[in-house]
Amino acid sequence: MFYHIIMKNFKSNLKNYILFFVSNILAIAELFAFWGLNDVVKKAVKDGVTAATLKSDFVLAAGLITFITVFLMIFSMKYYMKLRIKDYTTFIVLGMKKKTSYLLLLVEYTVGCVFSLVFGILMGNGILYGAQTALHKLYPEFLKVTAPGWKIYRNTCGMSVANMTGVFLILLVWMEGI
């Protein structure tokens, strides 16, 4: 019975789910592409004075981009949580055990996190490749099109998973009060 209710609820809220996942995918792609460009420029600049100037500019820009991206992820999750709290409250009122609702929430968030991360990194790779190609055409003597380093993947995954885990834990605490 709960399976049918959950599936019907999912179908009726599909546009909200798509909005949530697209927001997360865009945020992850933005993080990946910007951190990748930062890494490419740091590798390309050999002059110490120029490197120091660019480094300070990129640190400021990276901080701003990271803040905006994390804010976008938090905003989309907050909106998504408001929708889901109503649903989980309804499930609990209909007789679903809290343990089952927590498990359902964990599975839903894990699947959403994995899909957002995979598609976000793929999209970020495409954006990074396109930006590198454009920069290489403008400044072929300075920049080469290179693959992103493993640190870019690690930082993007770490930031995304940490953000989603934090929101999940906040949601669990909030649900405990229901």
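# Calls and cut-offs in a predicted model

Phe115 and Phe119 both sit in helix 4 (residues 98-138), four residues apart, about one turn of the helix. Helices here are DSSP runs (H or I, at least four residues), numbered from the N terminus. This is a predicted model: local features need pLDDT of at least 70, side-chain atom pairs count only at pLDDT 80 or more, and totals for chains, interfaces and linings use all residues. Residues are numbered from 1 along each chain as its sequence is written, and side-chain values use heavy atoms, with hydrogens and water left out.

User: What makes Phe115 and Phe119 an aromatic pair, and why is it called stacked?

Analyst: Rings of Phe, Tyr and Trp (its six-membered ring) pair if their centres lie within 6.5 Å; planes under 30 degrees apart count as stacked, over 60 as edge-to-face and the rest as tilted. By this rule the count comes to two aromatic pairs. For Phe115 and Phe119 the values are 6.2 Å centre to centre and 15 degrees between the planes, a stacked pair.

User: Which class of accessibility does Cys113 fall in, and which does Cys157?

Analyst: Cys113 has a relative accessible area of 13%, so it is buried. Cys157 has 24%, so it counts as partly exposed.

User: Where is Lys43 found, and why is it called buried, exposed or partly exposed?

Analyst: Lys43 belongs to helix 2 (residues 14-44). Its relative accessible area is 45%, so Lys43 is partly exposed.

User: What makes up the lining of the second largest pocket, by residue class?

Analyst: Ala, Val, Leu, Ile, Met, Phe, Trp, Tyr, Cys and Pro count as nonpolar, Asp, Glu, Lys and Arg as charged, and the others, Gly among them, as polar. The lining of the second largest pocket divides into eight nonpolar, one polar and one charged. Its residues include Val41, Lys46, Thr50 and Phe142. Helix 2 and helix 3 (48-93) each supply at least two of the lining residues.

Terms used:
Buried < 20%, exposed > 50% of the residue type's maximum accessible area, 1.4 Å probe, protein only. 1 Å grid on protein atoms, 1.4 Å probe; cavity = no way out; pocket = protein on both sides within 12 Å on 5 of 7 lines; lining within 4 Å.
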